[in-house]
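Have the picture ready as you read.

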Amino acid sequence: MSPGQQRMWFANKLERDGAVYRQVFCVRLRGRLDGSALRRALHDVAERHEVLRTVYPEVDGAPRQQVRTGPDALPEPRTVRVREDEIGAAVGAELARGFDLGGDLPWRVTLLEVREDEWVLLVVLHHIAWDGWSSGVLVRDLCTAYGERVHGRAPDWEPLKVQYADFAVWQRELLADEDALAGELRHWRRALDGAAEELALPTDRPRPAVASHRGAAVPLRIDPRLHAALHELAAREGVTLFMVVQAALALLLSRLGAGADIPLGTVTPGRPDAALHDLVGFFANTVVLRTPLHGDPTFAELLARVREADQAAFAHQNVPFDFLVDELRPRRSLARHPLFQTLLVIDDFPEPAWNLPGLAATPERLDALVGRPESSFQMFDLSFYLTEHRDAAGAPAGLDGDLLYAVDLFQERTAAALAERLTGVLEQAAADPGRRVGAFEVLTRAEADLFAERANAVGGPAGRATVPEMIAARAGRSPDAVAVCDGVHSLTYERLDAAAGGFAARLAAAGVGRGDRVGVLMPRSVDVVPVLLGVWKAGAAYVPVDVAYPAERISYVLKDAGCRVVVCTRETQRQVPDGLPVVVLDGLAFDGEPHAVPVGPGDAAYVMYTSGSSGVPKGVVVPHGSVAALVGASGWSCADGAVLMHAPHAFDASLFEVWVPLVRGGRVVVAPEGVVDGRVLREQIDTHGVTAVHVTAGLLRVLAQESPECFTGVGEVLAGGDVVSAGAVRTVLQACPSVRVRHLYGPTEATLCATWRVVEPGEDLGDVVPMGGPLPGRRVFVLDEALRRVPVGVVGELYLAGEGLARGYWDRPALTAERFVACPWGRGSGCTAPGIWCGGPPVASWCSWAAPTTR
């Protein structure tokens, strides 16, 4: 046996039904069929090609070929009478029959008799005895033999010089000759040195530890117009049609995140000697083609690279693929195919001519008869199979075929989109081969349309009021409603607005004016809220500082921000750095003549310092317009009830806990000082009727493990700040069936959050909680390193634009200019990328189709 046959034999052992690696001829015959002549012609073909009468029994755990003679070596066509509407089912049943290569001949023939003068001839061959080249040989010999047998004669053809077994022996001898293979192996070691072991494809599912090899297919079509244009391009550039499609496929995979070095597999005829050309058999070999895309070449330049690499590969194609794998010893895995995971095959063999005397023969399309199989055996992640067609004059008539995909990794719609993307890349290449790889559009039309719609999303209402104005208006409408409370104190809306105005007057007396910054170093309490609101009424921006910060950080933040004054309590006054003026708050003493300085949406509302985990902490300057856009966004639910405030006011979660309920007429419930655990949370919910609570991703995980029932009674749990565990969300929803969870994503520079995703009770949640879609007025883009749009499923960097962005970094113009950049997509003046802020790898991908959300 040849190495290729051994591979087919082992694959046959792995198959569930033995019906995968096969070729099918399905031909409609009209006229007078001589059944006896057909039977004898089939026998003639079997006698001529001994591979068709060879079986492969297992001996001592290994396959051995056994060439049969006599009646058992000859195929006997099976005749079945069917109606026209039964043809598809009969063909499907025959295709479902597998081959047991240990005892079955590698081909079988069925005649479906539709009527006296109409038949369907079905010939099924196993790949162990067939390849693409063999199709023409087999059909030619069968037609020749039938033409002779109908006249009562045996075919008088020239004897074959060799049989397939001779080729197998020659190939084994070649592999045993180290000197003969030395040059070939040197080439492949050099050519594949450093190649990626696994391409990073945009899969829908994580790669399993052991591949199931279950596959499915979507159609792949190239129309005659594009077919002709690609041939013209190939002729101009001195390459083949295959090389054009290979370059386009490598370009596409590279732009989908697979890198700039793309190894692809293909199949070569494997018939180095003319004596093999008239044989039926499995001679085809698999060859790895490495496509380099470094440096953003033009498509024409890429074709030149492909031509050079392919010519070298085809010049060294005699090494069987399995032998090459054994020699190169790549790291093996049951999860993927070695050396490459994507296959490209273009069958350009002429259509076999069924010239049968007295019969009109018309090939039938299998998919038209039996439809596409729901699943099949698939060795690779992706396999692109195309057949080239010519019209009667020899002109290009299109290509068609299938994109086979591993269902372990891909959904059908993803594969269909890949087929559409490849056609789009080929269209662009044919139109402009001078276009650079980075300039090719790889989005589908639907994705491009949706992207344009999202890129031009309309923002919030013009002239939106600031939060101080909204709260003042609320105080006028509901003066006696409770705005802020804890277990002891409470403030109505009227009292809150008046207290804030009085404190603003006190700040003004201390020299605070519009545009100044006021440090706020206070523990969590009811009086924090009128202090923050009072800073705004004074026209200033507050600089929140957590009393739990180390002394060095407190000093750095307050000094770096250039605070005009620092508001503190008697207890926290000692934490204020020397030399900074203070306003010491004594209880709830906010009396004084109300004071209010008008501010606009561009005025700074607060300067919040980041953690400094990537370096020195930097102050993020957020304007009033962004705060108003956040709190005024439609979609907040349960915030008009009671919202628990337990985050330090130095963290942006406090924006939701304080300002969102206050502009909606809700109530801020201030948690007691100290750590808020499940017990404290349960007490606050029971005592104050809390309807919404925000927790960090880490706290949600802990509470889900220790006391998930603590959320019972709230309408909504909000979480963010890190990766939110899908398992934790499921646990909470199971323990609290009436609760829904809102996932918030956004850095400090995006004013708390830029996206959200609500997980409803009973919703089937996957392994990842998506980041969701943008808030109203926000725009979210997933872009690559060149700010190009990426398709669904492709990992990129997340860029944010529209409402809600910070103004920049305090006193850091260079960093601001680097991170807050002009928006290249849609309307708007700027955008910014958290992925760049993090300084890490790409962070997001679109994971939904009809309405993209990010994950």
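## A helix and the hidden spaces

Keep in mind that this is a predicted model.

We begin with helix α1, which runs over residues 3-14 and so has 12 residues by its DSSP run. From its first C-alpha to its last, α1 reaches 17 Å, close to the 16 Å expected at 1.5 Å a residue.

Which residues of α1 are buried? They are Pro3, Gly4, Gln5, Met8, Trp9, Ala11 and Asn12. An α-helix has 3.6 residues a turn, so residues three or four places apart point the same way. What covers the buried residues of α1 includes the strands β3 (58-59), β4 (62-63) and β8 (118-126), along with the helices α5 (164-176) and α10 (321-328).

Now for the cavities. The structure holds three of 30 Å³ or more, and here are two of them:

Of the 16 residues that line the largest cavity, the closest to its centre are Phe167, Gln171, Phe283, Ala284 and Asn285. Helix α1 turns up here again: α1 and α5 each supply at least two residues of this lining. The largest share, four residues, comes from α5.

The second largest cavity is lined by 15 residues. Closest to the centre of this cavity are Ala211, Ala335, Met379, Asp381 and Ala406.

Technical notes: Residues are numbered from 1 along each chain as its sequence is written. This is a predicted model: local features need pLDDT of at least 70, side-chain atom pairs count only at pLDDT 80 or more; totals for chains, interfaces and linings use all residues. Side-chain values use heavy atoms; hydrogens and water are left out. The expected span of a helix is 1.5 Å times one less than its number of residues. Buried means under 20% relative accessible area, exposed over 50%, partly exposed in between (1.4 Å probe, protein chains only). Contact means heavy atoms within 4.5 Å. On a 1 Å grid over the protein atoms alone, a cavity is a set of points where a 1.4 Å probe fits but cannot get out, and a pocket is an open set with protein on both sides within 12 Å along at least five of seven lines; lining residues have an atom within 4 Å of a point. Grid points are joined across faces, edges and corners, and a volume is the space filled by probe spheres set on the points.
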